Amino acid sequence: MRCLVTGATGYLGGRLAPRLLAEGHTVRCLARKAGRLRDVPWASRTEIAEGDLRRPETLPAAFDGVDMAYYLVHSLGQAGFEAADREAATNFAEAARAAGVRRIVYLGGPEPAADQEVPSPHLRSRAEVGRILLASGVPAAVLRAAVIIGSGSASFEMLRYLTERLPAMVTPRWVRNRIQPIAVRDVLRYLVGCAELPPEVNRAFDIGGPDVLTFQEMMQRYARVAGLRRRLIVPVRPLTPSLSSHWVGLITPVPNAIARPLVESLVHEAVAHEHDIARYVPDPPGGLTGFDEAVALALAKVRDAEVETRWSNASGPDAPAEPLPTDPEWSGGTVYTDVRERAVSAPTGALWRVIEGVGGEHGWYSFPLAWSVRGWLDRLIGGVGLRRGRRDPHRLQVGEALDFWRVEEIVPGELLRLRAEMRLPGRAWLEMRAEPAGDGRSRYVQRAVFLPRGLPGHAYWASVAPFHAIVFGGMARNIARGAEHLTP
């Protein structure tokens, strides 16, 4: 079948596409920018269509000839995400119906019990998207999952960092609510298996693993699997979801904008009410993956640097078109730059290894305190901060997150361009180049570019410019030294 995967740059879509290919399907990925998928290892075996679910005129070509369409996108973390998801789902449903698509598959959130309080905006939006797709006129399968356990998932990152960093903690009472987590491998198995559903199936299915646990029990069992001491957990009433999300944002890499809706969804019990999906996608011979095994598998992927995708892979809609740092000065507006160059007594290959290893656990090669303070300030005003880290300690791909940057361009061995995603009164880039200089030597060229927005933007640049000699100058100097140390 020809399968259209939306959200292929995200956590689940990026894992689903290669598995559909392995099953013999033809895969077409919908992305706002095709370049975002350029470096993924399976991209050359897929069709990539550029389009935006918020712009219906871009969709007909993407849906043309498609048999099955996967809806794996959301606007979580963005202002007005409920309206945005409603619009995107409506456009998706209309495009699928017009193109004669035979099956829609959607992964949503758990359905709170009827006697529970009003669900969180996050769960309410997920449920609304499911209803829109089920009413589309195209047979739809809506899979409803609670917490997904897998390397790189936002839920797993929350669980991991809270447990590892806090041997004792005061928690909200919702940590005693029951949850039915599911391993990411089982979620992907269901998504692929939906290709075989009979055409008359148009309904929602609860999916969950074999264990029903409280979040408190999940933290204790994570600690046991990870070889940590038993955690001291004291639930108290005053910690509201809002306060809890700030606490999660403080301790984990997940920013407040994403932590809050995730925390709000945990306030409700999330247990599967049925297992009807097994009629169509039978359980594997050994049964579904248990919680402890799912944690062990995820930790092994993290340890071996084999994380396929991370929650931070997905990014929001790009900002309105503005000059890129490669555009000439006549493109308009004020452009501030900070350029540093260093002669390096090492070949470009060694220099590139240091450049591509920037960020994450390796840090930013200069004044760690300044970078940490900038990351903390960004978290305090609702930004992503520095703790997103990187997916792989040695290799980068276009489109993936790198601390509070997004990898915008890579020319292997030559250029790394990062676009800032921290909260700024303007747009910013950081470019790092490795240029040959002959006789086994090279030159390192570093350029920071800032396009201010209004008076606050100009004031921001003026306030940080005095520190550039220390931060950016030290960075250039230490990257050059790092490359020289790699050379015998």
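Begin by colouring the protein chain by pLDDT, which averages 87, with 93% of the residues scoring at least 70. Then select residues 317-323, where the pLDDT is below 50, although in the model this stretch has 13 contacts beyond near neighbours in sequence. Where pLDDT is low, the predicted coordinates should not be read in detail.

Next, show the strands and find the open sheet of seven, which runs in the order E3-E2-E1-E4-E5-E6-E11 with parallel pairing. Select strand E3 (47-50) and strand E11 (203-206) at its edges: each has a single partner strand, so one side of each is left without a neighbour in the sheet. Looking across the strands, you can follow a twist that averages 20° from one strand to the next.

Within this sheet, select strand E5 (residues 103-108) together with strand E6 (residues 140-144), which pair in the parallel sense over five bridges; Val-105, for instance, has Ala-141 of E6 as its bridge partner.

For the second largest pocket, select Tyr-161, Gly-360, Glu-361, Gly-389 and Arg-390, which lie nearest its centre among the 35 residues that line it. The space in this pocket comes to about 820 Å³. Helix H5 (154-165), helix H10 (291-303) and helix H12 (368-380) are the elements that give two or more residues to its lining, and H12 gives the most, with six. If you colour the lining of this pocket by class, you will find 12 nonpolar, 10 polar and 13 charged residues.

Finally, turn to the cavities, of which the structure holds two of 30 Å³ or more. The largest cavity, with a volume of about 80 Å³, can be located by selecting Pro-110, Arg-144, Ala-270, Val-271 and Ala-272, which lie nearest its centre among 13 lining residues. By class, that lining has seven nonpolar, two polar and four charged residues.

The second largest cavity holds about 40 Å³ of space, and its lining includes Ile-149, Pro-181, Gly-209, Asp-211 and Phe-291. The lining of the second largest cavity divides into seven nonpolar, three polar and one charged residues.

Note on methods
Residues are numbered from 1 along each chain as its sequence is written. This is a predicted model: local features need pLDDT of at least 70, side-chain atom pairs count only at pLDDT 80 or more; totals for chains, interfaces and linings use all residues. Side-chain values use heavy atoms; hydrogens and water are left out. pLDDT is the predictor's confidence in each residue, from 0 to 100. Contact means heavy atoms within 4.5 Å. On a 1 Å grid over the protein atoms alone, a cavity is a set of points where a 1.4 Å probe fits but cannot get out, and a pocket is an open set with protein on both sides within 12 Å along at least five of seven lines; lining residues have an atom within 4 Å of a point. Grid points are joined across faces, edges and corners, and a volume is the space filled by probe spheres set on the points. Helices (H or I, at least four residues) and strands (E, at least two) are DSSP runs, numbered from the N terminus. Ala, Val, Leu, Ile, Met, Phe, Trp, Tyr, Cys and Pro count as nonpolar, Asp, Glu, Lys and Arg as charged, and the others, Gly among them, as polar. Two strands pair if DSSP finds at least two bridges between them. Axes are lines fitted to C-alpha atoms, for helices over the stretch in contact, and angles run from 0 to 180 degrees between N-to-C directions.
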